[in-house]
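Colleague: Before we discuss this entry, please take me through the labels attached to it, setting each value against its definition.

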Amino acid sequence: MSSSSSTAVVPAAAACTAEASSRIILVHGTGHGGWCWYRVATLLRAAGHRVHAPDLAASGADARPLHDAPTFDDYSRPLLDAVRALPDGERAVLVGHSFGGMSVALAAETFPDKVAAAVFVTALMPDCPNPRPDVIQKLPLSDWMDCVTDEEHAPPSVLFGPEFMRRKLYQLSPEEDFTLSQSLVRVSSYYVGDMRRRPPFSEARYGAVRKVYVVCGQDQAIVEAYQRRMIAGCPVEEVREIAGADHMAMFSAPVELAGHLADVANTYT
């Protein structure tokens, strides 16, 4: 695996042409669901890719309450089941957004031979030397504004507030997508305590999977400097950039993001 600091800028119209039918699994972040990928998934499917955007446990349309997903493995189970179910010899490109990067890392650790590439879209990307939740705990985000947390809940919970979402996550996204989010956002967890009880991700499994990072230059939650700090600590094959994207790149820059993902799928599968 090689480390790269170069930036690939891919014309979206050219990239969204599938050389072959690649399988892409899109993984949402905290409080969201598969619904948040609707723009990008539509573009990728139109280009001929096979796209799955699962709801993780207690997320999106998954009916379970959060207390029925007490561990991070429980929360990530729909993704793990989707990767496990891939036919023998078939590999998928896993795309994690925000906290979804942790679920992608878990899937890569569990099924490294089934992952063609792990793509982190302004996502938490853990390294191998440190405890799994270090990348969460070191996030330089001090103002959670109107978010509501409950450390006594099992698991400890967080519910994003509307002002936090508008100013930190969706500030450049279309108003209709922010409005949609207010109808669908759910209480979730970062599972820090649970992950700390597990060993670090291994060099031989997660560490051996090819990684691509998509930097979003206008993210006010996982700021660009922290994105690049994670890249410096975890070797990646490529670094790509969307300079004008906020945290919700699938809404603020869907065509450009879909172009990058299609190009990654065409390159690595």
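Colleague: Where does Thr 122 lie in the chain?

Modeller: Thr 122 lies in the loop between β5 (115-121) and α5, where helices (H or I, at least four residues) and strands (E, at least two) are DSSP runs numbered from the N terminus. This is a predicted model, in which local features need pLDDT of at least 70, side-chain atom pairs count only at pLDDT 80 or more, and totals for chains, interfaces and linings use all residues. Residues are numbered from 1 along each chain as its sequence is written, and side-chain values use heavy atoms, with hydrogens and water left out.

Colleague: Why does Thr 122 count as buried?

Modeller: Its relative accessibility is 0%, and buried means under 20% relative accessible area (exposed is over 50%, partly exposed in between, with a 1.4 Å probe and protein chains only), so Thr 122 counts as buried.

Colleague: What makes the phi of Thr 122 worth a remark?

Modeller: Phi of Thr 122 is near 35°, a positive value in a residue other than glycine. Most residues other than glycine have a negative phi. Ala 58, in the loop between β3 and α3, also has a positive phi, of about 60°, although it is not a glycine. Ala 58 has a relative accessibility of 2% and therefore counts as buried.

Colleague: How do you know that the peptide bond from Ala 154 to Pro 155 is cis?

Modeller: The omega of that bond is near 0°, and Pro 155 is found in the loop between β6 (148-150) and β7. Most peptide bonds are trans.

Colleague: What lines the largest pocket?

Modeller: A pocket is an open set of points on a 1 Å grid over the protein atoms alone, where a 1.4 Å probe fits, with protein on both sides within 12 Å along at least five of seven lines, and lining residues have an atom within 4 Å of a point. The largest pocket is lined by 28 residues, with Ile 136, Trp 144, Val 158, Tyr 190 and Val 192 nearest its centre. At least two lining residues come from each of β7 (157-159), α6 (162-169) and α8 (192-196).

Colleague: Which element gives the most to the lining of the second largest pocket?

Modeller: That element is α9, with four residues. The lining has 13 residues, and Asp 127, Val 135, Lys 138, Tyr 226 and Met 230 lie nearest the centre of this second largest pocket. Two or more residues come from each of α5 (134-137) and α9 (224-233).

Colleague: What is the mean pLDDT of the protein?

Modeller: The mean is 94, and 93% of the residues reach 70 or more, pLDDT being the predictor's confidence in each residue, from 0 to 100. Over residues 1-14, however, the pLDDT is below 50, and this stretch has 32 contacts in the model beyond near neighbours in sequence.

Methods. Contact = heavy atoms within 4.5 Å.
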